[in-house]
Amino acid sequence: MENMTYKNAGVDVEEGQRAVQLMKNHVKSTFNKNVLEDIGGFGGLFALDLKDIKEPILVSGTDGVGTKLKLAFLLDQHDTIGQDCVAMCVNDILCQGAKPLFFLDYIATGRLKAEKVADIVKGIAEGCKMAGCALIGGETAEMPGFYQDGEYDVAGFSVGLVDKSKVITGKEIQAGDVIIGIPSSGLHSNGFSLVRKVFLEGDKFSLNAPIEELGSTLGEALIIPTKIYVKAVTEVLKSIEVKGIAHITGGGFYENVPRILPEEVDAHIQLDSWQIPQIFKMIQTVGNIQEEEMYKTFNMGIGMMLVVQEKDVETTLTILQEAGENPYKIGEIRAGNKQVVLCRE
């Protein structure tokens, strides 16, 4: 009788060690002076720099990539999905005015393939560099019998820092304030269950076929990683009193914008004030989806919203433009009861 081992039970420890070696350089590329890499242990160590911070507040966020992973499996493309994971976490803590400090990842798979895991971590490391944070730890779990062969899940956790006096809550938002929208890179990481039903159910479309109106294949348009807004918005926060920041993720406009609104105001969004990317128009047409449903599900080309005073609008737009963004004035705050109102005037 053959001796039982962990490997013939489905867990290849040596392949896991090889994955660690392949990802090591990607991880180290995110390190800064605050990472205590020379101290070994079971946890990542990060030294806090509290210079000029009177009352330090830590802000944390955790998230995954959702069913966009199914698209990565179908395309066999795994080097960008990590950026999605980082973005979903750091963009959220940015909404409180926090600067991301470090990031941890968790990758679980049925059968570990070192190169695939290294590709995922490469994307995570790239996202961390875009966000200016360090990837100081993570976990890769091989779970045979739990995930189908070739499939995996990715989740992340980020911690940021902000002075208590600069925490952004939305409580100061009032009628007369202006909403500035920063474009998304595409679908980001939300709505993919509906996207797959629209495009892939019944083999309606090929992910690899070029589509003229998109200027790419359908797969290329859908897999574009989530934009990370940290550097651009941080530049705004240096000189502008931003009253509220909303990350437009799952739930679209209707769920995310009210999260920053006081009870006595509404957010009026001017629908013709920005260019909606072609991919959203295609989803709506092919899927025969009502406009309201689109704004309940997708970011519709606006990944982040800032609420500022009227007097700060032009300066905010200029700072964002100088940071490489193409922002729009997309609406205003009016008296109401914590609702989102989509309008064409």
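UniProt positions are given here in the numbering of this model, and its annotations may be inferred rather than shown by experiment. With that in mind, the model is a predicted one, and the UniProt record (an unreviewed entry) lists residues 58-162 as "domain: PurM-like N-terminal".

Next up, a helix pair. Helix α1 covers residues 13-28 and helix α4 covers residues 114-131; they pack with axes 8 Å apart, at an angle of about 25°. Angles under 35 degrees count as roughly parallel, so that's the label α1 and α4 get. Their crossing is right-handed.

Here's who touches whom:

| Helix | Residues in the contact |
|---|---|
| α1 | E15, R18, A19, L22, M23, H26 and V27 |
| α4 | A114, E115, V117, A118, V121, K122 and A125 |

Sorted by class, the contact of α1 with α4 has nine nonpolar residues, four charged ones and one polar one.

Now the rings. A pair of aromatic rings is described by how far apart the centres are and by the angle of the planes. With centres within 6.5 Å as the cut-off, the count comes to seven aromatic pairs. One of them is F73 with Y152: the ring centres are 4.9 Å apart and the planes are at 75°, so this pair is edge-to-face. It links distant parts of the chain, the two residues being 79 residues apart. F73 belongs to helix α2 (residues 68-75), while Y152 is in strand β4 (residues 152-163).

Note on methods:
Residues are numbered from 1 along each chain as its sequence is written. This is a predicted model: local features need pLDDT of at least 70, side-chain atom pairs count only at pLDDT 80 or more; totals for chains, interfaces and linings use all residues. Side-chain values use heavy atoms; hydrogens and water are left out. Axes are lines fitted to C-alpha atoms, for helices over the stretch in contact, and angles run from 0 to 180 degrees between N-to-C directions. Helices (H or I, at least four residues) and strands (E, at least two) are DSSP runs, numbered from the N terminus. Angles under 35 degrees count as roughly parallel, over 145 as roughly antiparallel, 65 to 115 as roughly perpendicular and the rest as oblique. A crossing is left-handed if the near helix is turned anticlockwise from the far one by less than a right angle, and right-handed if clockwise. Contact means heavy atoms within 4.5 Å. Ala, Val, Leu, Ile, Met, Phe, Trp, Tyr, Cys and Pro count as nonpolar, Asp, Glu, Lys and Arg as charged, and the others, Gly among them, as polar. Rings of Phe, Tyr and Trp (its six-membered ring) pair if their centres lie within 6.5 Å; planes under 30 degrees apart count as stacked, over 60 as edge-to-face and the rest as tilted.
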